[in-house]
Amino acid sequence: MKDKTLSRRDFMGAAAAIGAFTVVPRHVLGGAGHTPPSEKINIAGVGIGGQGGSDLRQLESQNIVALCDVDWRHAARCFDRYPNAKKYKDFREMLDKEDKNIDGVVVATPDHLHAIISMAAIKRGKHVYCEKPLTHTVREAKLLAEAAREAGVATQMGNQGQASEQTRLLCETIWDGAIGQVREVHIWTDRPLNGINKWYWPQGVDRPQGQDPIPDTLDWDLWIGPAPMRPYVGKRTYNPFVWRGWWDFGTGALGDIGCHSMDAVFRALKLGYPTSVEACCTLVNDETYPVASRVTYEFPARGDLAPVTLHWYDGGMKPPRPAELEDGRMWDTNGKLYIGDKGKIIDYRLIPEPRQREYGKPPQKVERSPGHYNEWVIAFKGGKPAGSNFPDHAGLLAQVVLMGNIALRPALKNKMLSTKLYFDAEQFKFTNLPEANQYLTKEYREGWTL
Amino acid sequence: MMRETDTMTDSKNTLTRRAFVRGAAGAMAGLTFVPGRAFGANERLNIAAIGVGGMGAANLNACTAENIVALCDVDSEYGGKTFKKFPQAKTYLDYRDMLDKEGKNIDAVIIATPDHTHATIGMECIRRGKHVYLQKPLAHSIFEVRMLTEAARKHKVQSQMGNQGHSSDAIRMLYEWIQDGAIGPVREVYAWSDRPVGGDPWSDFPIMARPKETPAVPQSLDWDRWLGPAAYRPYHPIYHPMSWRGFWDFGTGALGDMGCHILDPAFWVLNLGHPERVEAVTTHYIPEVAAETYPRASVVRYEFPARGDMPPVKLTWFDGRLLPPRPKALEPGRKLPGNGALLVGDKGTIMHGSHGAGGVRIIPETQMKAYNRPAQSLPRVKDGSGGHERDWIRACKDGKPASSSFEYGGPLTEMVLLGVLAMRLKDTMLEWDPVNMKVTNCDEADKYIRPVFREGWTL
């Protein structure tokens, strides 16, 4: 399979290069990192009105050859930026018609569509850049990682921070033993904050009554995709962006931010699957995620590394302010706190600040990144796998993040007062609460498969 | 919640005793009535009650062996069922009117109004030398609590805060265990309440912006008197009778409501006293909601200094269904109570429920079973929690303080209200100077520690 893929890649590379040469106008190229068209790869974007548009802008050194969005009004700005790219509403049609012209696909739709689109692309041997969280369910993340490994395609999840200098400094500081064994980590975010500004979204709300006329520019059926059909409601109820708060479409504050903020923890502490997860939250219903939650994961010892308890907080909740943090220093509403036997780190700096200054810089052990998006392009061209590729990293990270949401499920809430959820990675199931296992996966609407 | 009624009061006894009172100190005029006089063994106390529609009715039901002589409520409909239950009692709309007219006939007063009127009413009663049973939390602001505590001391009245769990056997047992070193020195306490979303009318508070509608005030309600010292606002049915607890101006939220029950055991058995600092996080995010009601959920973290040979304690309060991480010592399958607390010591953990350490156990159960309990060293209150009102009646008669007199209930409430203050000033570590009632690093706190009363109202 792998050999076959590789040879197909070679062929595709050649084909794409020709396509690129003929399709892409000069004016969309250029800039300092300009490379000859023959070395460019052809990229399609699915879900381009929001983060997808930003992702494509980071990939403009390559050829943007096709664009797909179910909401053409929301996508208009991106369409305008790439006037020569073909436009589609249905990613399946795009993949069929442009199969020969596309090397890689950028997926930045709502979460509930990530896995299906990414999988379809992988099955066609396309390289995939997929926004975080990788998928909507734990099982999807596992299957996607396995499929990417089998297909040998280059993958990257959209957690840009993984490529940062700070993530490397954190890993090196912890591996240097600067704070000793780390047994406790706290991560917190002020999201979702219920719409106080346009970047945040409602949670803890019920489904609205009634329905609104579907705009001509929106294909609601495709937007719903594999989720259960529901009436369209405007007023920024589901689309754009605020789908994050709904169980059927998004993954809440944890899904949105967890893949960013847990990434460094996973790398620095070499985490795998947790042994248990438990959670508490404000009132939660079957429609939206709660306004605030705390999720606690227990990770077993890994080689010489001590077991770790990881606490996640959202909705403005925070861990206790550490005594080491200097008076007057801001205790931010978003952050990470690593508690080691010999010290504490906030984000990537030892506290208090004099300790960091005394410590200086750790010995450099991790290769610096050429940039998050470049990593994918390099991998694309046969180089080193990207830092957040699905099989080696992002698949697991997304699975663990999404497991936290299972512990918040309203149907399990009462039971969760009496136990944690114990996870068996080998069997890929919760061992003590069988009814929790249904949430590792989901049913797709008729006509949709992974 | 409501208790069985005992026998109706006997008016003959009342008359006799009344005559005695009038002839003695009482005759010197209401304002200088000297409490603490001796009561005969069979003599009855003359009790008045203010705020009789809710908890006040329950409190009264525990006092039916005494004479219920006067009742006051600003809502004749809501208070009406209690008025009917005690037909011999005179009924009033205004407590000042009642105290003026009935002053000489009243020995003691039960106060169970909304929190924002506790202090003005309580103070008026204390100044007139009446013994007071005042619902928890003692008052709406820290300053009010301090003033009430000092006034009760100065006027030598018998006082009792309505945290009935403090009369329980369980809280005394917990005290004995901690003294015995059952779990070693305690350094951490976690406490939680499912309010303001407990799931029943008592436990659900609104989280909302101020209502804009101005429906007519019901005929039975004196809205101005209901507002009392609070800033004027138009009537709305959301406030009265049930949901005032959720509004900053009237209630004290889940922490004020339940903290006096749930934090009572730790505060008492660990002799916590005044915290050094407190910080809170809440779910508030919309300014017009944050300005009006308590949050959907909050976490409040207190730090108490060492006390004698007891180490410093970190106490964390959770509400809105947030919880501490599941304790390692708790067996899988064993449920955390909806309202409860954990005391974490060097040698073990104790878990208990609400209202005075109900269901107190060392966890896990194997450690509980293996524990060799100490002999009882503290006297019990007759009838435990159910005897809380009668313990106050006992105090009024024999002059020995009730189980949760203001000397205790005051500092407990101050601690609780400091947490409420931290919620109001969320994300700020408040440094507390208890002597001067001052947050030393935040002047904005002053207006909440000692709020301005509406014109015409003073403490």
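In the predicted model, 25 residues of chain A are in contact with 24 residues of chain B; two residues are in contact if their C-beta atoms, placed from the backbone, lie within 7 Å. Strands E8 and E9 of chain A each supply at least two residues of the side of chain A that touches chain B. E8(A) gives the most, with 3 residues. By class, this side of chain A has 10 nonpolar, 10 polar and 5 charged residues. Ala, Val, Leu, Ile, Met, Phe, Trp, Tyr, Cys and Pro count as nonpolar, Asp, Glu, Lys and Arg as charged, and the others, Gly among them, as polar.

Because the model is predicted, local features need pLDDT of at least 70 and side-chain atom pairs count only at pLDDT 80 or more, while totals for chains, interfaces and linings use all residues. Residues are numbered from 1 along each chain as its sequence is written, and chains are lettered from A and ligands numbered from 1 in the order in which they are written.

E8 and E9 of chain A belong to an open sheet of 9 strands, in the order E13-E12-E11-E7-E10-E9-E8-E14-E15. Its pairing is mixed. Strands (E, at least two residues) and helices (H or I, at least four) are DSSP runs, numbered from the N terminus. Two strands pair if DSSP finds at least two bridges between them. Strand E13 (349-351) and strand E15 (429-430) of chain A each have a single partner strand, so one side of each is left without a neighbour in the sheet. Strand E8 (276-281) and strand E9 (293-299) of chain A run antiparallel and are joined by 6 bridges. Within this pair, Ala279(A) stands opposite Val295(A). Helix H12 (390-406) of chain A packs on the sheet, touching E8, E9, strand E10 (308-314) and strand E14 (421-424) of chain A. The direction of H12(A) makes about 50° with that of E8(A); axes are lines fitted to C-alpha atoms, for helices over the stretch in contact, and angles run from 0 to 180 degrees between N-to-C directions.

Strand E2 (63-68) of chain A has parallel partners. Strand E1 (42-46) of chain A pairs with E2(A) over 5 bridges in the parallel sense. Here Val46(A) has Cys68(A) as its bridge partner. The chain crosses from E1(A) to E2(A) through helix H2 (51-57) of chain A, in a right-handed β-α-β crossover. A crossover is right-handed if, with the strands pointing away from the viewer, the path from the first strand over the helix to the second runs clockwise. E2(A) also runs parallel to strand E3 (86-88) of chain A, with 3 bridges between them. Cys68(A) is partnered by Tyr88(A) in E3(A). The crossover from E2(A) to E3(A), through helix H3 (72-81) of chain A, is right-handed. In E2(A), 6 of 6 residues are buried, with 20 or more other C-beta atoms within 10 Å of their own.

Chain A is assigned domain 1 (2-161 + 373-386) and domain 2 (163-196 + 251-368 + 396-440); domain bounds come from an automatic or database domain assignment. Between these domains of chain A, 16 residues of domain 1 are in contact with 15 residues of domain 2. Helix H6 (138-151) of chain A gives the most to the domain 1 side, with 4 residues.

Chain B is divided into domain 1 (11-164 + 389-404) and domain 2 (167-385 + 412-449). Their centres, taken over C-alpha atoms, are separated by 26 Å. In chain B, 29 residues of domain 1 are in contact with 34 residues of domain 2.

Terms used:
Buried ≥ 20, exposed ≤ 12 C-beta atoms within 10 Å, placed from the backbone.
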